[in-house]
Amino acid sequence: MLATISRAATRRPLTVILVWLLMLLIGFGLGTGVFGRLVDSVPDVPGTESERAAAYLDRVDKSGESITAVVAGTAVADPGLRSQVQRAVADVRTASGVADVPDPYTTHGLTSEDGKALVIPVTLKGDLKFKDKKTAVDTAVERIRRIEAPDVHVSGGLLLGQQMSGRAQEDVQRAELISLPVVLALLLVVFGGLRAAGLPLVIAISGVAGAFLALFTFSQFTDISVYAIQVTTMLGLGLAVDYALLMVVRFREERRHTDDVVEAVHRTVAGAGRTVLFSGLTVAVSLTGLLVFPSPFLRSMGLAVAAVVVVDMLAAVTLLPALLARFGARIAPAAQSEKTGPGTAPAEGADPDSDSDSDSDSEGRVFARLARFATRRPVVVLATLVPALLVLALPAAGMKISIGDAKQLPSTTEARQLYDTLDAHFPPGTGVSPVTVVVRPGAAPDTVARIRALSDTTDSRALPGGATLVHLQPTGSVDGKAATDLVERVREVRGSEPVEVTGVAARLVDFRAMLADRAPWAAVTVLIGIFVLLFAFTGSVLIPLRTIATTLLSLGAALGAVVWVFQDGHLAGALGAEGLGSLSLTAPPLIIAIAFGLAMDYELFILARMRESWQQTGDAQEAVVTGLRRSGRVVSCAALLLAIVFGAFMTGGFSPILQIGLGLTLAVLIDATVVRMLLVPATMALLGRRAWWAPGALRRAHDRFGVSEEAPRRPQLTSV
């Protein structure tokens with residue numbers, strides 16, 4: 001398959017380039033339309049009690065969404081300000097699509113006790129189409145903002161989604177402006193020339209266009225979270241650079257052995273292209289675990305990110321070979337004894353016969369020494385690093401997740417400013433969404449009274465059809481412990497009565513239950529898929545098991561650090577954030593799925609070189625040293641480039657994106673350094689020749705169906 005792809009790319013390079021150029025134009029043209037289709041709803045899980053109750057209310061209760069305005073910064077009793085506010089309230093009441101706007105001066109609880117702030121809630125009609133709803137919101141916002149006061153902030157409802165989508169677009173643009181020049185500068189240092197350095201950037205831009213187009217396509221069938229655009233773009237950009245780096249390095253190596261550019265491209269695709277193909281597949285398989293969860297958010301994220309990975313993989317094995325065939329003659333080959341310090345490239349994919357495996361070869365000398373150190377002292381390395389990584393992972397044991405509130409947003413966003421103003425002038429819980437209880441017809445007469453007794457602040461009203469709607473106001477945050485405990489108490493008190501609970505806190509309780517129920521199945525799905533792919537790649541049953549174990553160590557350490565920073569608040573200020581007492585419910589599943597896939601990425605880079613040396617020599621320990629020497633710098637450079645991309649996306653200030661960005665950055669750096677450079681050689685040394693072992697039946701299956709290339713047959717090892 002790869003041979004066919006490379007022949008097609010080299011025979012008609014201009015056709016391939018034009019096809020990708022068309023995709024690029026569509027991606028940055030049509031694909032950017034996804035920014036207008038993003039939603040801020042995350043915890044919806046079909047079939048749960050909270051969703052059933054919400055669907056019932058949508059059918060029988062026609063009350064619409066609401067937005068909230070706050071006016072503060074001066075004495076609200078001032079006659080001039082009061083006149084402005086009351087005129088604005090009167091104007092908004094007459095606007096098309098608006099159902100109710102209470103007078104904050106005559107309605108209890110809408111004016112702060114200190115007299116320096118007031119709240120204007122605007123409720124829309126419930127039967128509005130999206131266009132009419134947006135028009136009503138825009139009209140209300142425009143009129144309220146004409147009030148002359150030091151602080152006037154409007155957010156909530158549809159407006160919150162618009163504000164978050166706009167901020168997401170700004171953050172993506174800022175991250176691209178930061179990361180692309182830095183990545184180009186680093187690639188110039190690595191390759192020492194603009195032509196070679198520019199190719200990975202071309203693939204990266206194609207990956208971003210592919211990310212936009214994939215998200216826009218999925219938005220036609222399912223909701224796409226506001227966080228998806230940042231996660232998929234940063235991953236698409238980073239992986240595209242990684243894959244292109246691997247391919248260009250291999251091409252320069254092959255050019256050292258042949259003057260025929262087309263032949264060099266064919267060899268590059270056959271060697272490094274195989275690694276890229278398996279790398280993309282392992283990352284995509286790692287993301288299939290998200291499809292096990294019934295949450296539309298997690299499923300859409302899994303599909304979208306997997307699609308972006310596939311786009312990057314295809315660009316690396318189709319567009320890049322076409323570009324190399326067209327312009328590769330202008331790219332200088334790697335020098336015979338090219339040093340790999342600043343200004344030079346790593347020699348991933350070098351011909352095993354072209355370089356000495358000795359440490360005296362300047363190429364990869366540091367990595368060879370690290371490998372020899374780890375293989376000679378495997379017990380010491382494992383006894384030191386494994387406990388250290390476990391200690392770093394300890395905070396993850398106390399991890400808590402929440403939907404979160406406006407505190408997760410940057411302080412410059414209007415939603416956060418509204419939240420801070422309410423927090424400064426009103427009692428705790430003001431503006432917090434209540435726990436919503438639906439008491440269906442047929443419930444015992446005292447059911448409503450028993451439920452209302454669970455909270456000090458309640459209200460209830462009859463619904464069409466005989467049901468009763470009860471609102472219980474929790475203390476603290478919208479999804480804090482008090483709110484979720486209140487949900488649990490309602491579900492205990494109701495007994496067998498036809499009572500259902502919904503609202504933000506109830507959805508969080510149901511989301512947590514869904515995660516606990518499906519997480520084991522997701523883990524089994526991913527681990528089986530990874531095991532099968534790694535077995536197909538290596539022909540070993542022990543290497544996949546060793547890979548999974550070492551990867552879990554780096555993943556646990558990264559997740560523990562995220563909990564320590566963002567949940568517990570240590571050093572959060574250095575990242576422009578604050579300790580929130582919990583992680584965003586979007587962060588842990590995405591960090592785990594994506595980081596696991598990226599770790600497999602680097603594992604394959606190294607295993608490809610180890611396997612090649614093992615097939616050539618049959619020396620298990622020397623295969624480890626040679627493999628790390630020839631792939632160490634590729635892995636290090638790729639990890640550094642990916643960390644730069646992730647770091648650029650952390651400049652936006654969204655706490656969930658900061659959490660995901662830090663988790664992925666740490667996972668990549670820990671995995672590419674501590675795990676792949678020390679733990680992998682140490683564990684491979686302990687396994688010795690047994691590392692490449694497989695039972696006879698599986699060995700025969702691999703020989704028949706597994707992946708192989710033209711190389712001396714590996715030594716047979718059918719017993720240990």
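Entry 1: I began with helix α18, residues 587–617, whose 31 residues reach 44 Å from first C-alpha to last, close to the expected 45 Å. That expected span is 1.5 Å times one less than the number of residues. Helices here are DSSP runs of H or I with at least four residues, numbered from the N terminus. I then looked up its cover: 28 of the 31 residues of α18 are buried, so the rest of the structure largely encloses it. Buried means under 20% relative accessible area, exposed over 50%, and partly exposed in between (1.4 Å probe, protein chains only). After α18 comes G618, with a positive phi near 75 degrees.

**A note to myself.** This is a predicted model, where local features need pLDDT of at least 70, side-chain atom pairs count only at pLDDT 80 or more, and totals for chains, interfaces and linings use all residues. Residues are numbered from 1 along each chain as its sequence is written, and side-chain values use heavy atoms, leaving out hydrogens and water.

**Entry 2: Q84.** I found Q84 in helix α4, residues 79–93. Is Q84 buried or exposed? Q84 is buried, at a relative accessible area of 18%. Setting aside neighbours within four places in sequence, I listed R143, R146, I147 and E148 as its contacts (heavy atoms within 4.5 Å). A polar atom of the Q84 side chain lies 2.8 Å from the backbone nitrogen of E148.

**Entry 3: L21.** My last stop was L21, in helix α2, residues 13–29. L21 is partly exposed, with a relative accessible area of 41%.

Technical notes. Helix = DSSP H or I, 4+ residues; strand = E, 2+ residues; numbered from the N terminus. Polar contact = N/O pair within 3.5 Å; in protein donor to acceptor, adjacent residues only side chain to side chain.
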